[in-house]
Number of protein chains: 2
Amino acid sequence: MGPTRLSILGVGLLGGSIGLAVRHLLKDCAVVGYGHRRATLDAALAAGAIHEAKGTAAEAVRGADLVILCTPVGIFRSILEEIAPALAPGAIVTDVGSTKRSVVSTAEQVLPPHVSFVGSHPMAGSEQRGVEFAAADLFRDAVCITTPTERTSDQALAIVEAFWRLLGMQVIQLTPTEHDRRLADVSHLPHAVAAALMTIQEGDSLPLAGKGFRDSTRIAGGDGGLWRDIFIDNRDNLRDSIRRLRGQLDRLETLLEHNDAEAIKLWLDAAASRRRALKAQREK
Amino acid sequence: MGPTRLSILGVGLLGGSIGLAVRHLLKDCAVVGYGHRRATLDAALAAGAIHEAKGTAAEAVRGADLVILCTPVGIFRSILEEIAPALAPGAIVTDVGSTKRSVVSTAEQVLPPHVSFVGSHPMAGSEQRGVEFAAADLFRDAVCITTPTERTSDQALAIVEAFWRLLGMQVIQLTPTEHDRRLADVSHLPHAVAAALMTIQEGDSLPLAGKGFRDSTRIAGGDGGLWRDIFIDNRDNLRDSIRRLRGQLDRLETLLEHNDAEAIKLWLDAAASRRRALKAQREK
């Protein structure tokens with residue numbers, strides 16, 4: 001039950017939190033971390049997120065039965081190319097990337113046939129970065145999406161899903177295509193909108209920002225480089241999501257122009273009722 | 001120091017919270033509440049938010065030295081017309097309305113010369129409604145905007161501002177015009193955007209909504225009728241805010257179309273840096 005040697009490639013907020021959770025839950029599992037910078041590895045060792053630190057990804061995966069890619073999506077290809085020759089036969093590789101079509105197809109193309117790949121997207125995290133914000137319970141009660149394809153081994157899928165459940169997550173399966181389409185609506189578009197809301201503010205308005213504004217823009221504080229990678233990788237879906245949002249804003253502007261109080265109330269009531277249903281389901 | 005007989009017209013979340021705070025802070029002040037429905041008044045009495053309940057606004061303001069309008073903005077005019085003949089000479093009237101141009105001009109037009117009006121917007125609250133969510137500390141550390149005009153009495157302004165400070169608020173003065181312009185950007189537009197984000201979701205995507213989505217849409221759960229009043233009352237400014245937001249989304253869409261990773265990162269970094277500055281200032 002569970003890996004005996006876990007390799008975490010990228011020991012930031014997510015990788016560090018996985019390490020902390022595994023060290024807490026699986027006492028016999030050795031946790032090896034790879035980081036690009038020595039300071040990051042030292043911080044992960046100091047936080048107790050990993051047992052061993054390695055300066056290259058290839059070294060970090062040697063002998064591991066489970067490997068988790070936790071670096072930004074933009075460098076997945078080069079990491080996969082580097083680890084491909086070093087992976088042990090039977091090793092399982094998964095990831096925490098926020099987009100799935102490109103990740104899954106790259107992994108299936110680059111990795112050798114004697115290892116298995118399973119795409120994962122544990123939907124946890126925050127606008128914070130770095131192992132200093134890592135927490136063993138970051139994943140508890142959150143959703144993890146796995147994205148098996150016809151090339152995914154059933155056994156590897158079962159092992160990866162059991163791993164996320166061990167960390168407290170609810171697992172949902174989607175195709176990589178469905179994942180990227182839906183995530184554009186529930187994650188990438190909200191990030192774009194939060195950034196746009198920050199961008200239009202005049203400096204003299206920000207001192208008036210209340211809790212509502214702070215909640216609705218909190219995600220805009222996230223790392224620009226990480227989100228650029230996500231936006232570029234999922235740009236077809238994100239453009240479609242932006243167009244549909246703009247359609248709603250156009251509609252509201254027309255209703256305001258016509259002073260149509262009744263239609264504005266119907267539009268707001270419908271949104272409020274969906275939001276309250278979400279709250280009832282998810283914030284029990 | 002402080003009112004001796006406070007009249008709260010509308011004992012919902014805000015009115016109820018004012019009552020609870022005053023009963024805690026000013027033991028000698030009598031708190032009288034008016035509500036449209038008897039059940040609301042009974043709930044306010046049971047919650048300890050008011051000492052006395054009155055079934056008409058005119059009765060509720062008799063003998064009061066401070067009157068606070070806490071009903072939805074849409075019925076301010078009829079309430080002001082009703083209380084105008086009943087107000088004691090020297091009484092001060094203020095409000096908690098989310099828009100200020102129409103409220104201030106209506107009050108200055110309707111109220112008799114022997115009473116003073118001061119426009120206020122205590123920026124506290126939540127997507128919840130009703131006295132059952134009221135709390136004595138709802139206003140603590142929040143911002144209250146007062147909107148004096150050339151017709152506002154300096155003494156009445158000082159008394160109203162001292163009252164909000166007593167409840168723990170930081171007071172900022174703006175003209176009614178400036179208030180409405182800035183609030184469109186930091187409050188009314190974010191609400192419109194949150195509602196639009198809810199509206200475009202397909203049902204199969206909502207189970208994937210993570211904490212970021214829930215934070216960014218929380219305000220959309222607010223009452224449709226209240227927000228319709230605000231949108232209609234401030235529709236010129238809100239339309240302008242929508243247009244500027246759409247300009248940013250158009251820009252992002254063009255950058256995505258051209259796959260311009262560098263410019264997308266700059267856009268995201270600038271937004272993140274403003275959001276982090278806000279956090280450093282306001283979420284200490």
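## Basis of the description

Residues are numbered from 1 along each chain as its sequence is written, and chains are lettered from A and ligands numbered from 1 in the order in which they are written. Because the model is predicted, local features need pLDDT of at least 70 and side-chain atom pairs count only at pLDDT 80 or more, while totals for chains, interfaces and linings use all residues.

## Overall form of chain A

Chain A contains eleven helices and nine strands; helices (H or I, at least four residues) and strands (E, at least two) are DSSP runs, numbered from the N terminus. Its radius of gyration of 21 Å is close to the 19 Å that the globule rule gives for 284 residues, so chain A is as compact as a globular protein of that length. This radius is taken over C-alpha atoms, and the rule is 2.2 Å times the number of residues to the power 0.38. Along the principal axes, the C-alpha atoms of chain A fill a box of roughly 70 × 40 × 35 Å.

Of the 284 residues of chain A, 54% count as buried. A residue is buried if 20 or more other C-beta atoms lie within 10 Å of its own, exposed if 12 or fewer, and partly exposed in between, with C-beta atoms placed from the backbone. Among contacts in chain A between residues at least 6 apart in sequence, 74% join residues at least 24 apart; two residues are in contact if their C-beta atoms, placed from the backbone, lie within 7 Å.

## Symmetry and interface

Chain A is superposed on chain B by a rotation of 180 degrees with 0.0 Å of shift along the axis, at an RMSD of 0.0 Å. The two copies are thus related as by a two-fold rotation axis. The superposition is by least squares on the C-alpha atoms of residues with pLDDT of at least 70 in both copies. Within chain A, the residue that comes closest to the rotation axis is A:Ser216, at 1.8 Å (C-alpha). The same surface serves both copies, since 100% of the contact residues of chain A recur in chain B.

The contact takes 75 residues from each of chain A and chain B. On the side of chain A that touches chain B, at least two residues each come from β8 (143-146), α7 (176-200), α8 (211-217), α9 (224-233), α10 and α11. That side divides into 40 nonpolar, 14 polar and 21 charged residues. Here Ala, Val, Leu, Ile, Met, Phe, Trp, Tyr, Cys and Pro count as nonpolar, Asp, Glu, Lys and Arg as charged, and the others, Gly among them, as polar.

## Core and central strands

The largest nonpolar core has 186 residues, of which A:Leu9, A:Val67, B:Leu9 and B:Val67 touch the most other members. Such a core is a set of buried Ala, Val, Leu, Ile, Met, Phe, Trp, Tyr and Cys residues joined through C-beta atoms within 7 Å. Beyond its neighbours within four places in sequence, A:Leu9 has contacts that include A:Tyr34, A:Val67 and A:Ile79.

In chain B, strand β4 (residues 66-69) is covered on both faces: B:Leu66 and B:Ile68 on one side, and B:Val67 and B:Leu69 on the other, are all buried. β4(B) pairs in the parallel sense with strand β1 (residues 5-9) of chain B over four bridges, and B:Leu9 stands opposite B:Leu69. Four bridges also join β4(B) to strand β5 (residues 92-95) of chain B, again in parallel, with B:Ile68 opposite B:Thr94. Strands pair if DSSP finds at least two bridges between them.
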